[in-house]
Amino acid sequence: MKFSKKFISLFYISLASSCTYKYDGDNAIINDILESQNYQGEISDLIGYAVLTIFLFFIIGYLGNKKKK
């Protein structure tokens, strides 16, 4: 019982400290990777793709249901 309480407390302490970690290094490769992952309009593009995908699934479902009747 004592071991599990210590383990759980150690787990939560390490999790809390890892969530507050901030990278302050000046590595050119890592900075290039981070910049390449974020571009202007990324969120609006993702929302557009999601709406298009949902719309296409509705069309395919409608056509498939219409053929069954």
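This is a predicted model: local features need pLDDT of at least 70, side-chain atom pairs count only at pLDDT 80 or more; totals for chains, interfaces and linings use all residues.
Trainee: In which helix of the protein chain is confidence highest?

Mentor: Residues are numbered from 1 along each chain as its sequence is written, and side-chain values use heavy atoms, without hydrogens and water. By pLDDT (the predictor's confidence in each residue, from 0 to 100), helix 1 (residues 2–19) is lowest at a mean of 74. The highest mean, 86, belongs to helix 3 (residues 42–68).

Trainee: How many helices and strands are there in the protein chain?

Mentor: Helices (H or I, at least four residues) and strands (E, at least two) are DSSP runs, numbered from the N terminus. The elements run α-α-α from that end. The count is 3 helices and 0 strands.

Trainee: Does leucine 52 count as buried, partly exposed or exposed, and why?

Mentor: Leucine 52 sits in helix 3. Buried means under 20% relative accessible area, exposed over 50%, and partly exposed in between (1.4 Å probe, protein chains only). Because its relative accessibility is 47%, leucine 52 counts as partly exposed.
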